[in-house]
Amino acid sequence: MSAFYREKVLSVRHWTDTLFSFTATRDSGFRFQNGQFAMIGLEVEGRPLLRAYSMASANHEEELEFFSIKVADGPLTSKLQKIKEGDTILVGRKATGTLIADNLIPGERLLLLSTGTGLAPFASLIKDPDVYDRFETIVLVHGCRQVSELAYGEELVARLRDDELFGPLLAEKLLYYPTVTREPFRNRGRITDLITSGQLFDDIGQPPLDIATDRIMMCGSPGMLVELREMFEARSFLEGSGSEAGHFVIEKAFVER
């Protein structure tokens, strides 16, 4: 167990019957870049039960925050969804992940494309002043099935817009675009379709996709990631990594169980 920090749960909030978030203490030795993930979980019968979770908190915040799905028979999430204030979670000592700005070729507009709890790393990134220095415009897209599943992201953005430091940055640079697929809402449709048709850019009053200026980060369901990768590669966008920067990066560590 020496590979983990033992952190105390500070708060738990259930957003829907399938989504919850929680905060926990943060060891002063735990370092990460905004957009990265760590292995977190619980000690079960003396053994660690872990999954990869992106930090939804920023690296300058004193507490850790995570945004999780609930799966009734999920090995970890079936137990994790029952945590309460004062419980102990395990947090791996090493953070990693591809969703960091250094893995992208410099550009002008950053598209953050997420579905479900894939929003988590972008919750961290939009609280990073460095990202606002690097890009002229940041477009945060969050796709869900139901309107109720957008609540975490909507509250996050609203809170940042009221923040003394981030409010002016968001007003100038952040465009937030929530969309749903199964209910009436002001924005409707799957992210791939909204980009392909150009509807996304029309709705936010921005020019269409352009390899010269656009850089992309993606996190969400495996199906979405496959479709988006194929779409961007067909337009000659190159995938970036820690060894070579590209036009887009994908986070493959995504909790579904």
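Which residue of β4 is the bridge partner of Glu43? In this predicted model, the residue of β4 that is the bridge partner of Glu43 is Pro48.

**The hairpin and the antiparallel sheet**

The strands β3 and β4 are joined by eight bridges and pair in the antiparallel sense. Together β3 and β4 form a hairpin with two residues between them, and in the turn Glu45 has a positive phi of about 50°. Strand β3, which covers residues 37-44, also pairs with strand β6, residues 88-92, where two bridges connect them, again in the antiparallel sense. Within this second pairing, Gly41 of the chain stands opposite Leu90 in β6, while the bridge partner of Ile40 in β6 is Val91.

These strands belong to an open sheet of six strands with antiparallel pairing, and the order across the sheet is β4-β3-β6-β1-β2-β5. At its edges are β4 (47-54) and β5 (64-69), each of which pairs on one side only. When direction is ignored, neighbouring strands of this sheet are turned by 40° against each other on average.

**The parallel sheet**

The chain also has an open sheet of five strands, where the pairing is parallel and the order is β9-β8-β7-β10-β11. Each of the edge strands, β9 (174-180) and β11 (248-251), has a single partner strand, so one side of each is left without a neighbour in the sheet. Neighbouring strands are here turned by 15° against each other on average, with direction ignored. Inside this sheet, strand β7 (residues 109-115) and strand β8 (residues 137-144) run parallel and are joined by seven bridges; one example is Leu111, whose bridge partner in β8 is Val139. Helix α5 packs on this sheet, where it touches β8 and β9, and the direction of α5 makes about 70° with that of β9.

| Strand pair | Bridges | Sense of pairing |
|---|---|---|
| β3 and β4 | eight bridges | antiparallel |
| β3 and β6 | two bridges | antiparallel |
| β7 and β8 | seven bridges | parallel |

**Two helices in contact**

How do helix α4 and helix α5 lie against each other, and at what angle do their axes cross? The axes of α4 (residues 151-161) and α5 (residues 166-173) come within 7 Å of each other and cross at roughly 115°. Angles of 65 to 115 degrees count as roughly perpendicular, and α4 and α5 are therefore described as roughly perpendicular to each other. On the α4 side the contact is made by Val157, Leu160 and Arg161, and on the α5 side by Phe166, Gly167, Leu170 and Ala171.

**The domains of the chain**

The domain assignment divides the chain into domain 1 (4-96) and domain 2 (101-252). The centres of the two domains, taken over C-alpha atoms, are separated by 23 Å, and the contact between them takes 21 residues from domain 1 and 16 residues from domain 2.

A record gives a further description of part of the chain: in an unreviewed entry, UniProt lists residues 2-102 under "domain: FAD-binding FR-type". Over these residues, 2-102, the chain is 4% helix and 44% strand, and the end C-alpha atoms are 30 Å apart.

How values were computed:
Residues numbered from 1 in each chain as written. Predicted model: local features only at pLDDT ≥ 70, side-chain atom pairs only at ≥ 80, totals over all residues. Heavy atoms only, no water. Axes fitted to C-alpha atoms, helices over the stretch in contact; angles between N-to-C directions. Parallel < 35°, antiparallel > 145°, perpendicular 65-115°, else oblique. Contact = heavy atoms within 4.5 Å. Pairing = 2+ DSSP bridges. UniProt positions renumbered as here; feature names shortened; annotations may be inferred. Domains from an automatic or database assignment.
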